[in-house]
Amino acid sequence: METVHRELLKKLTLHLRQNLEVDDDIVYFMIFRGIISNADRKEINKHPGGAVRDRQERVNTFLDLLPFLGSQAFTVFLEALQDSSLQGNIELADKLRLEESRATEKTDEDVPSEGELESVESGRQMESKIESHEGHQL
């Protein structure tokens with residue numbers, strides 16, 4: 001999973017823990033797409049002793065596993081939410097996509113464009129010429 005997606009999940013952890021419904025549709029969608037294994041499914045749904053986990057335990061276990069499920073885990077997770085029959089999960093998908101686009105835009109703003117790099121280089125060359133010229137006049 002990309003760093004931006006891990007940071008996004010971390011940022012929205014509380015919101016996800018309160019609003020996410022990890023139902024069989026999401027789990028099986030992610031199994032079908034090769035993200036979650038059958039062993040992961042069992043871990044999400046049951047305690048090691050075999051007792052069924054409640055909703056909050058399933059959500060917590062799922063969110064703890066998600067960052068470690070591979071490079072496509074976040075994308076497939078969003079698809080699973082969007083495909084969900086639960087309105088709350090669909091709304092979470094929309095919120096995650098919005099936050100993802102904001103995070104991506106912010107990252108893109110931090111990287112100078114080619115034109116900005118050329119402008120900085122021109123400025124450095126000009127400063128060097130000025131310093132060189134001033135050194136000859138002394």
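Q: What kind of model is it?
A: It is a predicted model.

Q: How many helices and strands does the protein have?
A: The secondary structure comes to 8 helices and 0 strands. From the N terminus on, the order of elements is α-α-α-α-α-α-α-α.

Q: And what share of the residues is buried?
A: Of the 138 residues in the protein, 31% are buried.

Q: What about the accessible surface?
A: The protein has about 9100 Å² of accessible surface, and carbon and sulfur atoms account for 51% of that area.

Q: Among contacts between residues at least 6 apart in sequence, what fraction joins residues at least 24 apart?
A: That fraction is 61%.

Q: Next topic, the core. How many residues are in the largest nonpolar core?
A: The largest nonpolar core has 30 residues. Those with the most contacts inside it are Leu20, Met30, Phe62, Leu66, Phe77, Leu81 and Leu96.

Q: Which elements give two or more residues to this core?
A: They are α1 (3-11), α3 (24-32), α5 (55-65), α6 (73-83) and α7. The largest share, 7 residues, comes from α6.

Q: Why would such residues group together at all?
A: In soluble globular proteins, nonpolar side chains tend to be buried together.

Q: Take Phe62. What does Phe62 touch, leaving out residues up to four places away in sequence?
A: Phe62 touches Leu20, Val22, Ile26, Met30, Ile36, Ile44 and Phe77. Among these partners of Phe62, Leu20, Met30 and Phe77 are also listed with the most contacts inside the core.

Q: Switching to Leu9. Where does Leu9 lie?
A: Leu9 lies in helix α1.

Q: Is that residue buried or exposed?
A: Leu9 is buried, because its relative accessible area is 8%, and the cut-off for buried is under 20%.

Q: Last one, Glu99. Which helix is Glu99 found in?
A: Glu99 is found in helix α7, residues 87-110.

Q: Why does Glu99 count as buried?
A: Glu99 counts as buried because its relative accessibility is 9%, where buried means under 20%.

Q: What does Glu99 touch?
A: Not counting residues up to four places away in sequence, Glu99 touches Leu8, Lys11 and Leu12.

Notes
Residues numbered from 1 in each chain as written. Predicted model: local features only at pLDDT ≥ 70, side-chain atom pairs only at ≥ 80, totals over all residues. Heavy atoms only, no water. Helix = DSSP H or I, 4+ residues; strand = E, 2+ residues; numbered from the N terminus. Buried < 20%, exposed > 50% of the residue type's maximum accessible area, 1.4 Å probe, protein only. Contact = heavy atoms within 4.5 Å. Core = buried A, V, L, I, M, F, W, Y, C linked by side-chain atoms within 4.5 Å. Areas by Shrake-Rupley, 256 points an atom, 1.4 Å probe, with all protein chains shown as cover.
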